[in-house]
Amino acid sequence: MTKNVVITGACGFLGVNAVLAFARCGYRVWAADIVPPGPDLGRAWDEVQGAIEFVPLDVTNPRDWERLPSQEVGAVIHTAAVTSGDRDDRPSLTVKVNVQGTMQALDWTDQSQIPRFIYISSSSVYRGIETEEPLNEALCLAPTTVYGRSKWAAEGFCELY
């Protein structure tokens, strides 16, 4: 695999850590997010100078995806999401970003012929399951929050691809 990756949600908790980990391992990283990195994050990225390029990206907007390079990218790591707790004040936004944004990411990855797509889901898809057994992918899911349902729906679309 080529050592070039696109990471969405690059300024979120998981995205930041993925960006830094890949950059420290010698990868060229296109760090994509709807918000620019803050000063603390910018300083952290400075430690791997030249390895990270920030790209403004609204994952739900197909035109924004055109800002990203598709040549020689070996993987897309999709961490972008709207997270919410039990009560979601903006459920339509959560679904739009988490489901439609994932669909845009899948479409772009497919059209760009990028060989690997890594989707970061959430343990929230297991919420509501009562079992003594360890959680696993074979369980029948019925998430109890908008966030959990949206992540579960996006998982299903990833399976279709």
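User: Which residue forms a salt bridge with D64, and at what N to O distance?
Analyst: The structure shown is a predicted model, and the pairing is read from its side-chain atoms. A salt bridge requires a side-chain nitrogen of Lys or Arg within 4 Å of a carboxyl oxygen of Asp or Glu. The side chain of D64 meets such a partner with an N to O distance of 3.5 Å, and that partner is R67.

User: How many salt bridges does the structure hold?
Analyst: Among them are the bridge between D64 and R67, the one between R87 and D89 at 3.4 Å from N to O, and the one between R28 and E53 at 2.8 Å. The structure's count of salt bridges is five.

User: How many residues apart in sequence are the parts that R28 and E53 tie together?
Analyst: The side chains of R28 and E53 meet in a salt bridge, 2.8 Å from N to O. R28 belongs to strand β2 (residues 28–33), whereas E53 belongs to strand β3 (residues 52–56), so the pair ties together parts whose separation in sequence is 25 residues.

User: Over the face of which residue does R28 lie?
Analyst: Besides its salt bridge with E53, R28 has a contact with an aromatic ring, lying 4.8 Å from the ring centre. The ring over whose face R28 lies is that of W30.

User: What kind of aromatic pair do F22 and Y27 form?
Analyst: A pair of aromatic rings is described by the distance of the centres and the angle of the planes. The count of such pairs in this model is two. In the pair of F22 and Y27, the centres are 4.9 Å apart and the angle between the planes is 80°; because an angle over 60 degrees is the criterion, the pair is edge-to-face.

User: Is Y27 buried or exposed?
Analyst: F22, the other member of the pair, has 23% relative accessibility and counts as partly exposed. Y27 has 17%, and since the limit for burial is under 20%, Y27 counts as buried.

User: Which helices hold W65 and W108?
Analyst: The ring centres of W65 and W108 lie 5.5 Å apart with their planes at 35°, so this pair is tilted. Both W65 and W108 are buried. The pair ties together parts that are 43 residues apart in sequence, because W65 is in helix α3 and W108 is in helix α4.

User: Where is E72 found, given its positive phi of about 60°?
Analyst: E72 is not a glycine, although its phi has a positive value of about 60°. With a relative accessible area of 61%, E72 is exposed. Its place in the chain is the loop between α3 and β4.

User: What is the relative accessible area of Q113?
Analyst: Q113 has a positive phi near 55° without being a glycine, and its place is in the loop between α4 and β5. Since exposed means over 50%, Q113 is classed as exposed, its relative accessible area being 69%.

How values were computed: Residues numbered from 1 in each chain as written. Predicted model: local features only at pLDDT ≥ 70, side-chain atom pairs only at ≥ 80, totals over all residues. Heavy atoms only, no water. Phe/Tyr/Trp six-rings, centres within 6.5 Å; stacked < 30°, edge-to-face > 60°. Buried < 20%, exposed > 50% of the residue type's maximum accessible area, 1.4 Å probe, protein only. Helix = DSSP H or I, 4+ residues; strand = E, 2+ residues; numbered from the N terminus. Lys NZ or Arg CZ within 6 Å of the ring centre and 35° of its normal.
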